[in-house]
Structure formats: C-alpha cells, structure tokens
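Here's a quick briefing to read alongside the sequence and the fold. Have a look at the model first, then work through the notes below.

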Amino acid sequence: MLCAVGFGAVEVFQLPAAQGSLTRSTTASRKVKSGQRTSSPFQNAQQHFKMPSDLTPSTIDRTTASSADSPSPLLVDDLTVAYHRKPVIWDIEFEIPPGALVGVVGPNGAGKSTLLKAVMDLIPKASGRVEVFGKSYRQNRHRVGYVPQRESVDWDFPVSALDVVTMGLYSKIGWCLPVRKKHRQQALDALRRVGIEELANRQISQLSGGQQQRTFLARALVQDADLYLMDEPFAAVDASTEKAVVRILREMKEAGKTSLVIHHDLQTVAEYFDYVILLNMRIVAHGPVEEVFTQENLQKTYGGRLTLLEEVSNAMRQRERTL
C-alpha cells in the first residue's frame, strides 16, 4: 500500500499543502521512532519535504475587493515581502477578474516567483493580505493548483510520472490510504490530456524537460482547481510542449478557470494572455493586454533594455497588421 501524500513546499518540489508537491526542503527528515514500521516511498516523501504554515486571515477591512456574491479569484492588497530586511516586492496591489488568463511579466529579479510564494504562504509577508475567492489562502487552498519551476524540483526523487500526477489527488484520497484504481485512472487521463500517457511508469529523472513540465501540468489538471498558479511553464521547453501548454490554458479558460502565469517571452504575451501584470518589485501596470501591454509601460518595467523593447514593439505592430 502506498500513502498518498504531498511533497511539501519549500525549495525543491515546491507546492502548497493541499496539492502535494515535489519541492525540495532544506529541513531534515524526521527520525523514525524505535519499533516504527518501515515507511513507503510516499511516507518518506511526507517526512522529507516541509509543508507550508497556515495563513492567518487578515483583519483589515476589505475595500477594493469584489462583492461577496462573486469574489475575485485572487486579490492582493498592500503586499510587501522582504529578505533580511531588504524589500523584494512592496506595495503590491491587484485584483484578477474571474476566468482571466493572466501573464505576470518583468525582468529577472523583479519578484515574480516571490509573489507566487507569498500568495501561497510559502514565505512570510512583511505586510499586506491575500484573498483567494474572498477567503484566506489557508481556507481556499483546495481551490488552487500550482505548477512550480522545473529548476526547483528534485528530479532524482524515486517516483514515476504517474506517481507525481496522483499526488495531486491526495486531498481526495486521504492521508496514508491506498491509491485506488479510479485515482490512477484519473491520473492517466490527465497524462493523456497533456500527451504523455505512454510515459506514465517512467521515472521522472528519465523524462525530457518538456515531458517533465507536462507531468506537472497534468498534476495541476487532476486537482480540478479553480485558480492555477504557474511559475514559468514555458521555460526551456520544446515547441510542441509550449503549444500543448497554451492549448491546456485556453481549455481551462473556456471552462471558467483562472490562471496566473509567470512568463518571460515578451513577444508572445499578447498572443497567449488576455490580462497582464507588469512587475518590477512594484506593480508598474495591470489590466487587459490591449490596454496595459504598451511600449511606454514596458519601458517603465524594463528600463534601458531598448533592443528587446524594440523587438517586442515590432512584433506587436506586425501582429496588429495581421488582425
């Protein structure tokens, strides 16, 4: 019998507690007590990876959020995060409309990944609050799916692609209860949806970069969440995987899901997303792509990187001519 658990979220398979993650933790594994039964691989994973702390709901009055009848999928208000007293992001405020496909864009070191971690309470906040569908992340984390950066994953951990996807179901399976046939079928269906069903039993270290990314996308899909947070899902993947990810994102949007995606390729922002957040430690601008993704705002976000901005501007003008 395998225990269906999640690899907790702090530095190599970083994932919120409600989803199960394969993120490396810097904490040591718990010691096995004398006479305790040998743990399964999934139980060892539970011990090896740290789970995030609970998010304490804010007592600040809500002034900018949507109405209680239709709360925003994600509201961030006055959020500041600091490392060693040095602010990494500060005064972050935005609200995402339901069903939006949102791109988070900014230069390296702008705080994009920090923003996602703060939303999921994986790192402490210096100030501010986060609401997920009108409640704290702790209260609604079962409605959130997460795809981490590939670089944050311990690919040598001894699990198969199917095991990884099945971890997305552990909140439905229950702690240390058997993974049943129906659960494995759901995981296989998710792998089929991303086009790698035939690799279900392959160890994750033996997958290509694109296949690894598809595996984590399948794990997010099997959770059937309402809000998806994705940390650079297009980074270092082949063209076919990028097309597959875009297809899945659009299918989720059609199903009413909301996605927040960290993205690095400026030339595809207008094609892939309908809403964009421009971030460089602070929010430069956020809103519909056609209103916010302008040369002026990009200049404010990226500063003097004129060559890159000119290339993006040319691509945007060319796209407008083809419409």
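**Strands, a helix and a helix pair**

Start with a polar contact: the side chain of Ser127 has a polar atom 3.4 Å from the backbone oxygen of Asp78. Keep in mind that this is a predicted model. From there, the notes go on to the residues around that spot, then to the helices.

**Around Ser127**

- Ser127 sits in strand E4, which covers residues 127-131.
- Its relative accessible area is 28%, so Ser127 is partly exposed, given that this class runs between the 20% and 50% cut-offs.
- Setting aside neighbours within four places in sequence, Ser127 is in contact with Asp78, Leu79 and Thr80.
- Trp90 is 37 residues from Ser127 in sequence, yet the C-alpha to C-alpha separation in space is 8.7 Å.

**Around Thr80**

- Thr80 belongs to strand E1, residues 74-83.
- Is Thr80 buried or exposed? With a relative accessibility of 12%, Thr80 counts as buried, because the cut-off for that class is under 20%.
- A polar atom of the Thr80 side chain lies 3.2 Å from the backbone nitrogen of Asp91.
- If you skip residues up to four places away in sequence, Thr80 touches Ile89, Trp90 and Asp91, and also Lys125, Ala126 and Ser127.

**Helix H2**

- Helix H2 spans residues 112-119, and seven of its eight residues are buried, so the rest of the structure largely encloses this helix.
- Which residues of H2 are the buried ones? They are Lys112, Ser113, Thr114, Leu115, Leu116, Ala118 and Val119.
- After H2 comes Asp121, which has a positive phi, near 60 degrees.

**Helices H6 and H7**

- Two packed helices are described by the angle between their axes and the distance between the axes.
- Here, H6 (residues 181-193) packs with H7 (residues 209-222) at about 125 degrees, and the axes are 8 Å apart.
- That angle makes H6 oblique to H7, because it falls between the roughly perpendicular range of 65 to 115 and the roughly antiparallel range over 145.
- The crossing of H6 past H7 is right-handed.
- On the H6 side, the contact is made by Gln186, Ala187, Ala190, Leu191 and Arg193, while H7 brings in Ala218, Leu221 and Val222.
- Sorted by class, this H6 contact with H7 has six nonpolar residues, one polar and one charged.

Definitions and conventions:
Residues numbered from 1 in each chain as written. Predicted model: local features only at pLDDT ≥ 70, side-chain atom pairs only at ≥ 80, totals over all residues. Heavy atoms only, no water. Buried < 20%, exposed > 50% of the residue type's maximum accessible area, 1.4 Å probe, protein only. Helix = DSSP H or I, 4+ residues; strand = E, 2+ residues; numbered from the N terminus. Axes fitted to C-alpha atoms, helices over the stretch in contact; angles between N-to-C directions. Parallel < 35°, antiparallel > 145°, perpendicular 65-115°, else oblique. Left-handed = near helix turned anticlockwise from the far one by under 90°. Contact = heavy atoms within 4.5 Å. Nonpolar A, V, L, I, M, F, W, Y, C, P; charged D, E, K, R; others polar. Polar contact = N/O pair within 3.5 Å; in protein donor to acceptor, adjacent residues only side chain to side chain.
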